[in-house]
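Good morning, and thank you for coming.

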Amino acid sequence: MVGCCFSWTAAREWCLRRSFSSAGLKSTTTDLGDGTFMHCWAPLHRIDSKPTLLLIHGVGANAMWQWYEFVPLLTPQFNVYVPDLLFFGDSHTTRPERSESFQAQCVAALMEAHGVKRMHVVGISYGGFVGFSLAAQFKDRVERLVICCAGVCMEKRDMDEGMFQMRTVDEAVAILLPQTPEKARELIRVSFYKPIKWIPSCFLRDFIEFMCTSYLQERKELIHALHKDRKMSDLPNVTQPTLIIWGEHDRVFPMELAHRLKRHIGENSELVVIKNAGHAINAEKPKEMYKHFKSFLVGPLPPPKQANGNHINGHKLD
């Protein structure tokens with residue numbers, strides 16, 4: 001069988017590595033001590049006159065798979081760093097911590113090891129949780145923050161009250177970390193506004209084997225840690241100018257959480273809703289995302305926004 005001798009996912013991974021290298025990035029691994037190693041795509045030659053941009057991926061795959069559309073567009077304007085979070089790609093730790101706070105501390109240590117003192121941060125989905133925590137813990141190092149489809153403001157009770165399609169955390173884990181083609185199809189249906197209607201099972205099995213089986217238990221623990229005893233009253237705030245980007249039809253983290261985050265951060269935040277998009281906005285609407293990234297991140301710091309300054313596709317709602 002072809003599936004036994006050729007891996008489409010491995011071939012795609014090779015192409016993505018070539019793409020990142022062609023964009024001027026190099027593969028690096030940093031020993032942070034205490035059994036913690038973090039892999040990161042970093043500039044081959046950092047240019048001091050350019051600002052630094054950190055891209056943080058979500059649970060769906062490693063850093064390359066979630067940011068490959070953006071890296072060639074962003075490297076001409078920024079020193080771009082794209083790390084694999086712990087238990088994704090080539091990043092791992094023997095330490096027991098599983099919180100987004102610990103992930104953020106490791107990312108901060110990684111950037112310090114690369115000599116980066118100030119940066120803009122973009123995080124999508126789980127990466128948005130980490131980016132938010134990074135901005136809250138290291139206020140003097142994060143200049144601007146972009147949060148994409150990340151339910152930072154969710155509470156444990158939201159699942160009990162029926163906000164999410166997944167009724168329990170275990171059900172969410174089974175979909176977000178699929179181990180069968182059927183669960184992978186369910187993830188695609190939940191994540192995309194217009195999902196691909198048919199994908200051969202052999203392709204899905206290949207992707208699962210290559211991308212979804214390593215550190216499976218640790219990834220489950222990461223998701224459980226997000227929900228455990230989560231309350232808005234415990235959530236810190238961020239003071240940096242913040243852009244919130246959300247898919248209009250997100251079924252993983254519903255729009256209510258976007259508005260809740262906007263209210264939580266307040267006047268220093270701006271909400272942009274991408275029409276005809278679900279949770280996987282990086283795959284469905286990369287050009288629109290890039291447009292908003294560029295508008296927000298390039299140029300002088302934006303002035304504070306009014307607390308009710310919601311935006312739809314970049315236009316303020318009256």
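A charge is said to sit over a ring if NZ of Lys or CZ of Arg is within 6 Å of the ring centre and within 35 degrees of the ring normal. The model is predicted, so local features need pLDDT of at least 70 and side-chain atom pairs pLDDT 80 or more, whereas totals for chains, interfaces and linings use all residues. Residues are numbered from 1 along each chain as its sequence is written, and side-chain values use heavy atoms, with hydrogens and water left out.

By that definition, the charged end of R12 sits over the ring of Y68, 4.7 Å from its centre. R141 places its charged end over the ring of F138, at 5.6 Å from the centre.

I turn to ring pairs. Rings of Phe, Tyr and Trp (its six-membered ring) pair if their centres lie within 6.5 Å; planes under 30 degrees apart are stacked, over 60 edge-to-face, and the rest tilted. How many aromatic pairs does the structure hold? There are 9. One of them joins W65 and F207 edge-to-face, 5.5 Å centre to centre with 75° between the planes. W65 belongs to helix 3 (residues 63-67) and F207 to helix 10 (residues 201-211), 142 residues apart; helices here are DSSP runs of H or I, at least four residues, and strands are runs of E, at least two, numbered from the N terminus.

Is W65 buried or exposed? W65 is buried, at 14% relative accessible area, while F207 is partly exposed at 22%. Buried means under 20%, exposed over 50%, and partly exposed in between (1.4 Å probe, protein chains only).
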